[in-house]
Amino acid sequence: MIVTKPKILVSLLSFPAISFFAFYVWAQSLTNDPNAGAFGFALIQYAIIYGATIACNSTTIWAIITTISGGLVIYGVMKRSVYTFILMNISLFVIFCLPVFLAITGVTRFCLSFLT
C-alpha cells in the first residue's frame, strides 16, 4: 500500500467529521428543541462538550495524550509508510473521537448540561 497525500488528507478530514457527526446524532436524539438542529448551534455545543469532557476529567492526562498523539500525527504525515499511517489514524481517533465518544456513552463526567 502506498500512502499518498490524498489518503492522508482524507484521514485528517474524516476523523473530525466522524466525531462531529456522532455528536450531532446524539444531540438530536436527546432534545426536542428545533433550534438544536441548526448546524452552527450544534458546532458550538460540540466544542463546549469536547472541551468540557477534557477539562473535567484529568486535564493533565488528556494534555499528555493529546501531545503524544499530535506528535505521532506529525510523524505519520512526514514519514509515509503503512505503519506510520495506521499509527496516525489511531492518534487522530484518540484526539478527535475518544473524548466525544466517552462523553456520549457516559463514561466521563460532565461539568455542565447544555440540554436544560
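**Ground rules**

Residues are numbered from 1 along each chain as its sequence is written, and side-chain values use heavy atoms, with hydrogens and water left out. Because the model is predicted, local features need pLDDT of at least 70 and side-chain atom pairs count only at pLDDT 80 or more, while totals for chains, interfaces and linings use all residues.

**Overall build**

The protein chain has 4 helices and 0 strands. Helices here are DSSP runs (H or I, at least four residues), strands are E runs of at least two, and both are numbered from the N terminus. From that end, the order is α-α-α-α.

Confidence is given as pLDDT, the predictor's score for each residue, from 0 to 100. The chain averages 82, and 87% of the residues score at least 70. Confidence is lowest in α2, at a mean of 82, and highest in α3 (residues 59-78), at 89. Where pLDDT is low, the predicted coordinates should not be read in detail.

Of the 116 residues, 34% are buried. Buried means under 20% relative accessible area; exposed means over 50%, and partly exposed lies in between (1.4 Å probe, protein chains only). Contact means heavy atoms within 4.5 Å. Among contacts between residues at least 6 apart in sequence, 70% join residues at least 24 apart.

Two packed helices are described by the angle between their axes and the distance between the axes. Axes are lines fitted to C-alpha atoms, for helices over the stretch in contact, and angles run from 0 to 180 degrees between N-to-C directions.

| Pair | Angle | Axis distance |
|---|---|---|
| α1 and α4 | about 10° | 10 Å |
| α2 and α4 | roughly 85° | within 9 Å |

The angle makes α1 (residues 5-30) roughly parallel to α4 (residues 82-105). By contrast, α2 is roughly perpendicular to α4. The cut-offs are under 35 degrees for roughly parallel, over 145 for roughly antiparallel and 65 to 115 for roughly perpendicular; the rest are oblique.

Nonpolar covers Ala, Val, Leu, Ile, Met, Phe, Trp, Tyr, Cys and Pro; charged covers Asp, Glu, Lys and Arg; the others, Gly among them, are polar.

In the second contact, Y46, I49, Y50, T53 and I54 of α2 meet I95, F96, P99, V100 and A103 of α4. This contact has 9 nonpolar, 1 polar and no charged residues.

**Inside the protein**

The largest nonpolar core has 22 residues. Such a core is a set of buried Ala, Val, Leu, Ile, Met, Phe, Trp, Tyr and Cys residues joined through side-chain atoms within 4.5 Å. F23, Y46, Y50 and M88 have the most contacts inside this core. Helices α1, α2, α3 and α4 each give two or more residues. The most come from α4, with 8 residues.

Now for single residues. M88 touches I8, S11, L72, V73, G76 and V77, not counting residues up to four places away in sequence.

I49 lies in α2 (residues 39-55). I49 is buried, at a relative accessible area of 2%. The C-alpha atoms of I49 and V100 are 7.4 Å apart, although 51 residues separate them along the chain.

S91 lies in α4. S91 is also buried, at 3%. Leaving aside neighbours within four places in sequence, S91 is in contact with S69, L72 and V73.
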